[in-house]
Amino acid sequence: MGDAGIYEIIDPRFAALVNSHARLERLATGCAWAEGPAWFAAGSYLVWSDIPNDRMLRYDETDGSVSVFRAPAGYTNGHTVDREGRLVSCEHGGRRVSRTEHDGTVVTLADSYAGKRLNSPNDVIVKSDGSVWFSDPSYGIDSDFEGHKAESEIGACNVYRIDPASGAVSAVITDMVRPNGLAFSPDETLLYVADTGATHKPGQPREMRVYDVDGDSVGNGRHFALCADGLFDGFRLDSDGRIWTSAGASVACYAPDGTLLGRIHVPETVANLCWGGPKLNMLHICATSSLYAVRVMVNGHGTV
Ligand code: MG
């Protein structure tokens, strides 16, 4: 596949969002299942999870080096960087959402709901008010592959919000089969959430839904896009509100009205991605065994 061949322009608008000369680079490989990239702007480095190998890796953009960031790592999955520059992590092993403080201490933000242990937090975002929102499907307890096999105590897979003042955990979305990646629109009036229920049974969801957000509350959930090939797992939005999402062995780009604009094909199944680089115009892509990057013609928004 030639360099230009990675770009599939489905809607003419996509042509202006990518540069056909921009190459897809493989920055690192050797993972069992790469997930959860998070960009640290202050240090020009990226942290991601290699879930089955129970480790976190670090790619340093300044010299291209790759090293182990933390191992064991509690089978971390999704990560984000909060508004104070701290790492927020979903941990399958500890069945919790944790935060790494500036002094390196790892503290628990949430590990239960209504007195029952969480399943296995999967992906996480931080709203501008400091609240932490995360999905809690069962992938990390379904088997020993990505955590520790166990029964669900809650008996459901929900999206939760952690209140920034009280630390209280509330269920904000309870109508999904396997909520997975999630992201706010730039103005935070919309919350996009992937449902990967099809991993368990044919006929179950392989869609992205969108919900209206009003302060702390979420409602009016509706279908946004269907993933015809593969699954939407993790995604991020650009500064114009387009959605850049994993979709099988590609990153698919959707307009805010749900139109599929185009794809960037990747040699392996994509799990998740994030923006990086000093201008947030570098897509960092976690795809099965490897971390890839490609520079695009738009800039990322919000939680990177
Ligand atoms: Mg995920």
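Colleague: Why is C31 called buried?

Modeller: C31 has a relative accessible area of 9%, and the word buried stands for under 20%, with exposed meaning over 50% and partly exposed meaning in between (1.4 Å probe, protein chains only), so C31 is called buried. Before going on, please keep in mind that this is a predicted model, in which local features need pLDDT of at least 70 and side-chain atom pairs count only at pLDDT 80 or more, while totals for chains, interfaces and linings use all residues. Residues are numbered from 1 along each chain as its sequence is written, and side-chain values use heavy atoms, with hydrogens and water left out.

Colleague: How many disulfides does the model have by this rule, and what is the rule?

Modeller: A disulfide is a pair of cysteine sulfur atoms within 2.5 Å, and by that rule the count is zero. For C31 the nearest cysteine sulfur belongs to C286, 7.4 Å away, and C31 is therefore in no disulfide. For C286 the nearest cysteine sulfur is that of C274, at 7.3 Å, and C286 is likewise in no disulfide. C286 has 0% relative accessibility and therefore counts as buried.

Colleague: Which residues coordinate the magnesium ion, and at what distances?

Modeller: The magnesium ion is coordinated by N122 through OD1, N180 through OD1 and D233 through OD, at 2.1 to 2.3 Å. Donors are N, O and S atoms within 2.8 Å of the metal (3.2 Å for Na, K and Ca), and these atoms therefore qualify. Some caution is needed here, because water is not among the atoms and sites may look incomplete.

Colleague: What parts of the chain does the pair N122 and D233 tie together?

Modeller: In sequence the donor residues of the magnesium ion are spaced N-x57-N-x52-D. N122 lies in the loop between strand 12 (116-117) and strand 13 (124-126), and D233 lies in the loop between strand 20 (217-226) and strand 21 (235-237), so the pair ties together parts that are 111 residues apart in sequence. Strands here are DSSP runs of E with at least two residues, and helices are runs of H or I with at least four, numbered from the N terminus. Both N122 and D233 are buried.

Colleague: Why does R96 count as buried, and what does its side chain make a polar contact with?

Modeller: R96, which is placed in strand 9 (residues 96-100), has 18% relative accessibility and therefore counts as buried. Its side chain makes a polar contact with the side chain of T108 at 2.6 Å. A polar contact is a pair of N or O atoms within 3.5 Å; within protein, one must be able to donate a hydrogen and the other to accept it, and residues adjacent in sequence count only if both atoms are side-chain atoms.

Colleague: Why does R99 count as buried?

Modeller: R99, also in strand 9, has 19% relative accessibility and therefore counts as buried. A polar contact of 2.6 Å joins the side chains of R99 and E101.

Colleague: What makes S44 partly exposed, and why does A114 count as exposed?

Modeller: S44 has 22% relative accessibility, and therefore counts as partly exposed, whereas A114 has 68% and therefore counts as exposed. S44 lies in the loop between strand 3 (34-40) and strand 4 (45-50), and its phi is near 55 degrees, a positive value in a residue other than glycine. A114 is placed in the loop between strand 11 (112-113) and strand 12, and has a positive phi of about 50 degrees although it is not a glycine.

Colleague: What makes strand 13 and strand 16 edge strands?

Modeller: The open sheet concerned has four strands in the order 13-14-15-16, with antiparallel pairing. Strand 13 and strand 16 (169-173) each pair on one side only, and are therefore its edge strands. Two strands pair if DSSP finds at least two bridges between them; strand 13 and strand 14 (residues 132-135) have three bridges in the antiparallel sense, and therefore pair. In strand 14, V132 is the bridge partner of V126.
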